Amino acid sequence: MPDLIDLVSDTATMPTPEMRRAMADAAVGDEQRGEDPTVNELQKFAAHLLGKEAGLFLPSASMANQIAIRTQTQPGDEVICHEAAHIRLYEGGGPALLSGCLLAPLIADRGVFTPEQVRETIRPDSPYFPRTRLVAIENTNNRMGGCVWTQEEIAAVATVAREHKLLLHLDGARLMNAVVKQGVPASEIAAPFDTVTLCLSKGLGAPVGAILAGTQETINAARRWKHVFGGAMRQAGIIAAAGLYALHHNIDRLAEDHENAARLAEGLATIPGIRLDPPPETNIVFFDVAGTGLTPDEVTDRLNAVGVRVSYMNGTRLRFVTHLDISRAQIDEALERIRATLCP
Ligand SMILES: *Cc1c(COP(=O)(O)O)cnc(C)c1O
C-alpha cells in the first residue's frame with residue numbers, strides 16, 4: 001500500500017511537533033471559571049484579529065454557530081441562510097432543536113445570495129408570520145465548493161439586513177481562507193457582522209476548537225449558552241495553545257493550499273471523464289466523475305486502493321480538500337495515481 005495522501009478534508013491535519021510543544025508548555029487553569037491564562041490569551045488575540053470586542057473559545061465551529069443562533073434569536077424566529085449552509089445541512093438540525101428557529105433557505109450559485117433575495121424573504125411584521133431575525137453568511141462556503149464572498153457582496157446583504165434591523169452572523173469556519181484569497185484583513189471581512197465563527201481545526205491545523213467573536217455583551221450572553229450546551233471546559237489551555245499557535249503561524253500559508261488546489265484541479269481536468277464542478281476558488285476541489293463511466297463509489301474504491309482519500313459530495317460529485325499536511329509533491333503524486341487507476 002503506497003503512503004496515504006489524505007485529501008478527504010482539511011480536518012485531516014495532524015498537530016506538528018512545534019504545535020505539540022506549545023500545547024505541552026501551555027499555562028493552564030480552570031477555563032470554566034475564566035482562570036485559564038492560555039484560553040484567555042487566545043480569546044483576546046482572536047477577537048483582535050477579527051476586529052471584535054470579545055471572543056469565546058469553544059470545542060467546535062458547529063457549537064459556535066449554534067450558540068450564535070441561540071444567543072441572537074428567540075424560539076419561533078427565522079434565520080435566513082443559503083440552502084446548502086453548514087448550519088442547515090451538517091449541524092444535526094441544531095437551529096430547530098437547540099434554538100426553536102426556522103430556517104429560510106435561499107438558492108444561489110456559489111452560495112452567494114443577493115440583497116434582493118434577502119429583501120424578498122424578510123417577513124412582514126405580523127402575528128401571522130415568523131419573525132425574521134438573523135441572516136447567516138458562510139465564507140468561504142463548504143458545500144458550494146469553497147467559494148468566497150467579495151466585500152461588495154457582503155456589504156450589499158448587510159445593508160438590507162440593517163435596514164430591517166436584522167442581526168448578521170458569519171460562519172467563517174474557513175474565514176482565513178477568504179482572508180488569504182482576497183488579501184483583505186479578517187477584521188475587515190468580519191466588520192459588518194454581529195457574530196463570527198472561526199474554526200481552528202480546519203486549514204489552520206489545530207486539533208480542536210473554534211472561536212465565536214462579537215460584542216462584549218453578545219459574548220457574555222454566549223458564554224451562558226456555552227455552559228448550558230456543555231461546552232465550558234476545565235484546563236482547556238492545553239488545546240487553546242494549539243489554536244494560538246495556529247493563528248500565529250498558519251494563516252499566511254493557506255495560500256499554498258490554494259495553489260495546491262489549483263494545481264490539483266488543473267491536473268484533474270486533463271483526466272478523461274473528470275469535470276471540475278465548480279472550478280476551485282480556495283482549497284476545496286469538487287469534481288464530477290459521471291464521464292468516467294464509473295460510479296462515485298467505484299471511483300472512491302479505486303482511489304482508496306492507490307492510497308488517495310476522497311470524500312463523496314452528492315450526485316456524481318466527489319471532493320478533494322488541500323491542507324497543511326499536503327505538499328505540492330503529494331499533489332503531483334496523487335494526480336499520477338489517479339490517472340493510472342482511472343485510465344489504465
Ligand atoms: C466544518 C465547518 C463547520 C463546523 O466545524 P466543526 O469544528 O467541525 O464543528 C461549520 N461551518 C462550516 C462552513 C464548516 O465547513
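Biologist: What share of the 344 residues of the chain counts as buried?

Modeller: This is a predicted model, in which local features need pLDDT of at least 70 and side-chain atom pairs count only at pLDDT 80 or more, while totals for chains, interfaces and linings use all residues. Residues are numbered from 1 along each chain as its sequence is written, and side-chain values use heavy atoms, with hydrogens and water left out. Buried means under 20% relative accessible area, exposed over 50% and partly exposed in between (1.4 Å probe, protein chains only). Of the 344 residues, the share that counts as buried is 56%.

Biologist: What radius of gyration does the chain have?

Modeller: The C-alpha trace spans about 60 × 55 × 35 Å along its principal axes. The radius of gyration is taken over C-alpha atoms, and the globule rule is 2.2 Å times the number of residues to the power 0.38. For 344 residues that rule puts a compact globule near 20 Å, and the chain agrees with it at 20 Å.

Biologist: How many helices and strands does the chain have?

Modeller: Helices (H or I, at least four residues) and strands (E, at least two) are DSSP runs, numbered from the N terminus. By this count the chain has 14 helices and 13 strands.

Biologist: Which strands stand at the edges of the open sheet of seven strands?

Modeller: The sheet has mixed pairing and the order S2-S8-S7-S6-S5-S3-S4. Two strands pair if DSSP finds at least two bridges between them. An edge strand here has a single partner strand, so one side of it is left without a neighbour in the sheet. The strands in that position are S2 (54-58) and S4 (102-106).

Biologist: What is the relative accessible area of Leu198?

Modeller: Leu198 lies in strand S7 (residues 195-199). Leaving aside residues up to four places away in sequence, its contacts include Leu50, Gly172, Met176 and Leu247. Leu198 counts as buried because its relative accessible area is 1%.

Biologist: Which strands are at the edges of the open sheet of four strands?

Modeller: This sheet has antiparallel pairing and the order S9-S10-S13-S12. An edge strand pairs on one side only, and this applies to S9 (275-276) and S12 (311-314).

Biologist: In S13, which residue is the bridge partner of Phe287?

Modeller: Strand S10 (residues 284-288) and strand S13 (residues 317-321) are antiparallel and share five bridges. One of the bridge pairs is Asp288 with Arg317. For Phe287, the partner in S13 is Leu318.

Biologist: Which residue in the turn between S12 and S13 has a positive phi?

Modeller: S12 and S13 run antiparallel and are joined by three bridges. Across this pairing, Tyr312 stands opposite Leu318, and Asn314 stands opposite Arg317. The two strands form a hairpin with two residues between them, and the positive phi, about 55°, belongs to Gly315.

Biologist: How many of the five residues of S13 are buried?

Modeller: Both faces of S13 are covered, with Arg317, Arg319 and Val321 buried on one side and Leu318 and Phe320 on the other. The strand is largely enclosed by the rest of the structure, because the number of its residues that are buried is five of the five.

Biologist: What covers the buried residues of H12?

Modeller: Helix H12 (residues 254-269) lies across S9, S10 and S13, at about 15° to S10. Its buried residues include Leu254, Ala261, Leu264 and Leu268. The cover includes S9, S10, S13, helix H8 (175-182) and helix H14 (328-342).

Technical notes: Contact means heavy atoms within 4.5 Å. Axes are lines fitted to C-alpha atoms, for helices over the stretch in contact, and angles run from 0 to 180 degrees between N-to-C directions.
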